[in-house]
Amino acid sequence: MEEGSPCPACKEGVFETTLQEPCTCHLGHPPCGACVNAPLVCNGCGEHANDLDLCGLCGEPGADKMSLLRHGGVAWPGERIPDGLLVHSDCERAETERAFLACPQTVRDAVLKGARRG
Ligand SMILES: [Zn+2]
Ligand SMILES: [Zn+2]
Ligand SMILES: [Zn+2]
């Protein structure tokens, strides 16, 4: 996520660097702490890019893809729904595989049939 990136939460705003405390660059040596630590905030919905960057499964930053399950994807029974909109692709693959392997074949068939019916 960087300045000007479109917001995945509201799909309308873009991220802007937003000072959370007064800038003191003019008082000393720029850039000041406020500028260095200024988070990227969506100008549409106010989401912080740093929050959105967290993986909904492991909670670590650097999530690189939208969670399928949070966007209409079908979960296997027992599959963890991510807390956030983004996940690491590795975390999602691992969790999907774990839930898939934990399902008996009859349950897998039922889920797939249900998914096809919509
Ligand atoms: Zn400053
Ligand atoms: Zn937004
Ligand atoms: Zn993760």
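This passage describes the fold of a predicted protein model, from its overall outline down to single residues.

The model is predicted, so local features need pLDDT of at least 70 and side-chain atom pairs count only at pLDDT 80 or more, while totals for chains, interfaces and linings use all residues. Residues are numbered from 1 along each chain as its sequence is written, and chains are lettered from A and ligands numbered from 1 in the order in which they are written.

The protein chain contains 4 helices and 4 strands. Here, helices (H or I, at least four residues) and strands (E, at least two) are DSSP runs, numbered from the N terminus. Read from the N terminus on, the elements follow the order β-α-β-α-β-β-α-α. The radius of gyration of the protein chain is 20 Å, well over the 13 Å that the globule rule gives for 118 residues, so the chain is more spread out than a compact globule. For the reader new to these terms, the radius of gyration is taken over C-alpha atoms, and the globule rule is 2.2 Å times the number of residues to the power 0.38. The C-alpha trace spans about 70 × 25 × 15 Å along its principal axes.

Of the 118 residues in the protein chain, 19% are buried. A residue counts as buried if 20 or more other C-beta atoms lie within 10 Å of its own, as exposed if 12 or fewer do, and as partly exposed in between, with C-beta atoms placed from the backbone. Among the contacts with a separation of 6 or more, 51% are between residues 24 or more positions apart. Two residues are in contact if their C-beta atoms, placed from the backbone, lie within 7 Å.

The chain is assigned two stretches, domain 1 (15–51) and domain 2 (53–117), with bounds that come from an automatic or database domain assignment. The centres of domain 1 and domain 2, taken over C-alpha atoms, are 34 Å apart. The largest nonpolar core has 14 residues, and Phe 15, Cys 55, Ala 63, Leu 86 and Val 87 have the most contacts inside it. This core draws at least three residues from each of domain 1 and domain 2. Strand β2 (40–42), helix α2 and strand β4 each supply at least two residues of this core, and β2 gives the most, with 3 residues. A nonpolar core is a set of buried Ala, Val, Leu, Ile, Met, Phe, Trp, Tyr and Cys residues joined through C-beta atoms within 7 Å.

Val 41, in strand β2, counts as buried because it has 21 C-beta neighbours inside 10 Å. Leaving aside neighbours within four places in sequence, Val 41 is in contact with Phe 15, Glu 16, Thr 18, Gly 46 and His 48. With neighbours within four places again left aside, Cys 55 touches Glu 60, Ala 63, Leu 86, Val 87, His 88 and Cys 91 by the contact criterion.

Helix α3 (residues 89–102) has 14 residues and reaches 20 Å from its first C-alpha to its last, close to the 20 Å expected at 1.5 Å a residue, where the expected span is 1.5 Å times one less than the number of residues.

Turning to the loop between β1 and α1, Cys 23 is found there and is partly exposed, because 14 other C-beta atoms lie within 10 Å. Beyond its neighbours within four places in sequence, Cys 23 is in contact with Cys 32, Ala 34 and Cys 35. Cys 23 and Ala 34 are 11 residues apart in sequence, with 5.5 Å between their C-alpha atoms.

Two backbone features complete the picture. Most residues other than glycine have a negative phi, and most peptide bonds are trans. Pro 30 and Pro 31, however, are joined by a cis peptide bond with omega of about -5°. Lys 11 has a positive phi of about 60° although it is not a glycine, and this residue is found in the segment before β1.
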